Structures are given as structure tokens and as C-alpha cells.
Amino acid sequence: MKKLRFGNGRRRFAKATGMVLLLLAVTALLAFTGCSSKTTAPAKNQQVVELKLAHFFPSTHPAEKDLIQPWAKAIEEATNGQVKITSYPQETLLKADAIYDGVVNGIADMGLSCFSYTRGRFPALEAFELPGVTYNNSKVASKVAWEGIKQLNPKEVQDTRLMMVLTTGSGDLFTKVPVQKMEDLKGLEIRATGLSAKTLQALGANPVAMPQSDAYEALSKGVVKGNLGPVEVLQGWKQAEVTQYITKTPFLYNTLFFVTMNLDKWNSLSPETQKAIEKVNEEYFGKVAMGLWDKQNEAALKYAVDEKGMTLLTLQKEEADLWITTIKPIQDEYLANMKAKGIEGRQILDKVKELADKYNAEYK
């Protein structure tokens, strides 16, 4: 009996010792993983999702350096390394006008480009680029576009998962001669494309279609006498060297950019991963994307005026109102086109104007 009790005691002692060793091992393991909690390495049971993002900006452009690269890194960290995004700038994966459909078809997993590069493909969204709506800056225009699109949820963008929408904000006139009245535009050759060309034609100018890359030479040779676009082209495209006047026109121009993702790829992600990405999207829209062009425009305006001696002109209120009245038929044409397509254009345009008033008051 004593031997049996001794044997049981030894077994109990061995079992207790084993439990202590196991607890020590678990404690050490927890301490190790705790020290490594900031790593972006995915868990062993998680499959790394590699995503290709196509866009047309140069690798040196703020859209790549200040938005896409840090945003992609933040997503990788937020998903614990499960989602990794590789950027393909400067049309190395897809041409600018093929990016949206390339994302739809899975040629690229994600894409950044302009809605207007495929005009007619996004009829409802054209309301956000219509002339006659004033935007104080790109913060206002971006907030209006992104919030408006989320509220309206037009059918034309439901074939991808939009990450965010950002804009250039208002564009201005850069000319060789001063433009302060509508009569100053009569017959004036101005580089413009698409909707901008129609707007300038309504104001009496002679729009000349050409890519931004050709504008410097055309201005220097006098083929055109001006350009309509965001102020950043004065520095980024060196157009301050070949123009003398800047006329502020915050109601003539706005261009929308999208960052979007293939819908099947998005749906393949877990709800937790989707939520993590959406949180990063919200953060980077607010702190980088919505004001991306403001930052460029402010630097370019200072450069153009202080270093290149350009003259900044502002339209008198009565003159600005005349311009807005003159281009109103372009809005009316938009509404008629939307009605023909069975789209509630009036509702969309009213939403754009409502949000523009709201955010112009907030971001002066």
C-alpha cells in the first residue's frame, strides 16, 4: 500500500511539474508574440492577396508619391500583411482611358484614372464636372464628388468597388493677353478638350483640342493664346514660362479621378479585411486625397506670380454671373440627355449644387 501511495505521489509530482513547464512555455510564447505584434507578416492560415494597381501619372507625381504609395503601405499594415498593392504608374499596365474597364475585366486589380477619359461611360457623374458650379478649391470639389457619389450610388459605378473619388477642383484661364470680360475671350484660341471646349465655345472663345503635353509648345509658338486647367500646370508643365495672365474662374472646370477595385477581388476578401481597407480609405481621403491638387495649385500659383511675374486677375461679380448665365445651356443640355437615358439628372445636379454650397462655406 505504501509503494502504491508513493507511486501515485510521484506521478502527481511529475504531472504538476509538467503543468508548470507548459505554463512557462505558453508565457514565453505569449511574450514573444506580444513583442512582435507590429509585424505585417500574415498569419500562417492567411493567404496573401497581391493586387496590381494601374494608373497614368508619372512615378514622380504627387498622386503616386503622396497618395498611392503611403496608402498602399497603410493597407498592408492594417491587414497585417494580408493585402499587398503594387503600383504600375505611367500607363505601364493600362492606358489611361482603358483603366476603369481594365479593372472591371480583371486586367488590373485596382486602378486610378479620370472618369472623363471615357466620356459617355459615366453619364450621371458628368454632373460633377459641369460648368456653372463654383468650387472654392479641390477640398470642396472632392468632398462634393465623393459624398455625392456615395449618396446617389449611380448604377454606372456599381461594377467595381470605389475606394475613393478625388478631383482637381476648379481650373483657371492662363493666357498671353488679359481676360477680365467675356468680350476678351471672343475668337481667342484656347487649348481645351471635351466639356471644357464646349464651355469655352459658349463663352465665345475658339477652343483648340490638344493634350496637355502639347500645350507648352503651342503656347510658345502662338498656335494658341491660352489654356484652361488646374493651376498646377503652370509649374508642372512649365506653362508659366509662356503665359502672362491668370484669370480665376472657379466655375469653369473640374475633373474627377477614381481609385477603384475589381468587384470579384473585393468580394473575395473577408469582412474584417474589407473593414480595415475602408478605414484606411477614409483616412487617406481626408488627409491626402481631397486636398492633393490644392497643395500643387498653391505651390504653382506662388511660383507663377513670385518667380515668373504672372499677373493674377479676378472677375467682378457681375461679370462672373454673366459667364455663369451664358454657360447655363450646357447644364440644360445635360438634363435633357439624362432624361433621354431615363436618369434623374435634375436630382443629381441639385445634389451637386447643394453639397457645393455646403462645403464652399466650410472650406473657404
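This is a predicted model: local features need pLDDT of at least 70, side-chain atom pairs count only at pLDDT 80 or more; totals for chains, interfaces and linings use all residues.
1. A pocket here is an open set of grid points with protein on both sides within 12 Å along at least five of seven lines.

2. Two or more lining residues come from each of α4, β4 (160-167), α8 (263-268) and α9. Helix α4 contributes the most, with 5 residues. By class, the lining of the second largest pocket has 8 nonpolar, 4 polar and 6 charged residues.

3. The largest pocket has a volume of about 1,100 Å³. It is lined by 43 residues, of which Phe 56, Tyr 117, Gln 212, Trp 237 and Tyr 253 are the closest to the centre. The elements giving two or more residues to this lining are α5 (194-202), α6 (212-221), α7 (233-236) and α10 (292-307). The lining of the largest pocket divides into 21 nonpolar, 16 polar and 6 charged residues.

4. How many cavities of 30 Å³ or more does a search of the whole structure find? The search finds 1. The largest cavity has a volume of about 50 Å³. Its lining is made up of Phe 115, Ser 116, Thr 118, Arg 119, Gly 120, Phe 122, Leu 125, Glu 126 and Glu 129. By class, these lining residues are 3 nonpolar, 3 polar and 3 charged.

5. Helix α4 spans residues 138-152 and packs against helix α13, residues 345-362. The angle is about 140° and the axes are 9 Å apart, which means that α4 is oblique to α13. The crossing of the two helices is right-handed. On the α4 side the contact is made by Val 140, Lys 143, Val 144, Glu 147, Gly 148, Gln 151 and Leu 152. These meet Gln 347, Ile 348, Lys 351, Val 352, Leu 355, Ala 356, Lys 358, Tyr 359 and Asn 360 in α13. The residues of this contact comprise 8 nonpolar, 4 polar and 4 charged.

6. From α12, the residues in contact are Gln 331, Tyr 334, Leu 335 and Met 338. Their partners in α13 are Gly 345, Arg 346, Ile 348, Leu 349 and Lys 353. The contact of α12 with α13 has 5 nonpolar, 2 polar and 2 charged residues. Ile 348 in α13 is in contact with α12 and is also listed in the contact with α4.

7. Helix α2 (residues 62-78) packs against helix α9 (residues 271-287) at an angle of about 150°, with the axes 9 Å apart. This crossing is right-handed. Leu 67, Pro 70, Trp 71, Ala 74, Ile 75 and Ala 78 are the α2 residues in the contact. In α9 they meet Ala 276, Ile 277, Val 280, Asn 281 and Tyr 284. Which classes make up the contact of α2 with α9? The residues divide into 10 nonpolar and 1 polar, with no charged residue. Besides packing against α2, helix α9 is one of the elements that give two or more residues to the lining of the second largest pocket.

Terms used:
Residues are numbered from 1 along each chain as its sequence is written. Side-chain values use heavy atoms; hydrogens and water are left out. Axes are lines fitted to C-alpha atoms, for helices over the stretch in contact, and angles run from 0 to 180 degrees between N-to-C directions. Helices (H or I, at least four residues) and strands (E, at least two) are DSSP runs, numbered from the N terminus. Angles under 35 degrees count as roughly parallel, over 145 as roughly antiparallel, 65 to 115 as roughly perpendicular and the rest as oblique. A crossing is left-handed if the near helix is turned anticlockwise from the far one by less than a right angle, and right-handed if clockwise. Contact means heavy atoms within 4.5 Å. Ala, Val, Leu, Ile, Met, Phe, Trp, Tyr, Cys and Pro count as nonpolar, Asp, Glu, Lys and Arg as charged, and the others, Gly among them, as polar. On a 1 Å grid over the protein atoms alone, a cavity is a set of points where a 1.4 Å probe fits but cannot get out, and a pocket is an open set with protein on both sides within 12 Å along at least five of seven lines; lining residues have an atom within 4 Å of a point. Grid points are joined across faces, edges and corners, and a volume is the space filled by probe spheres set on the points.
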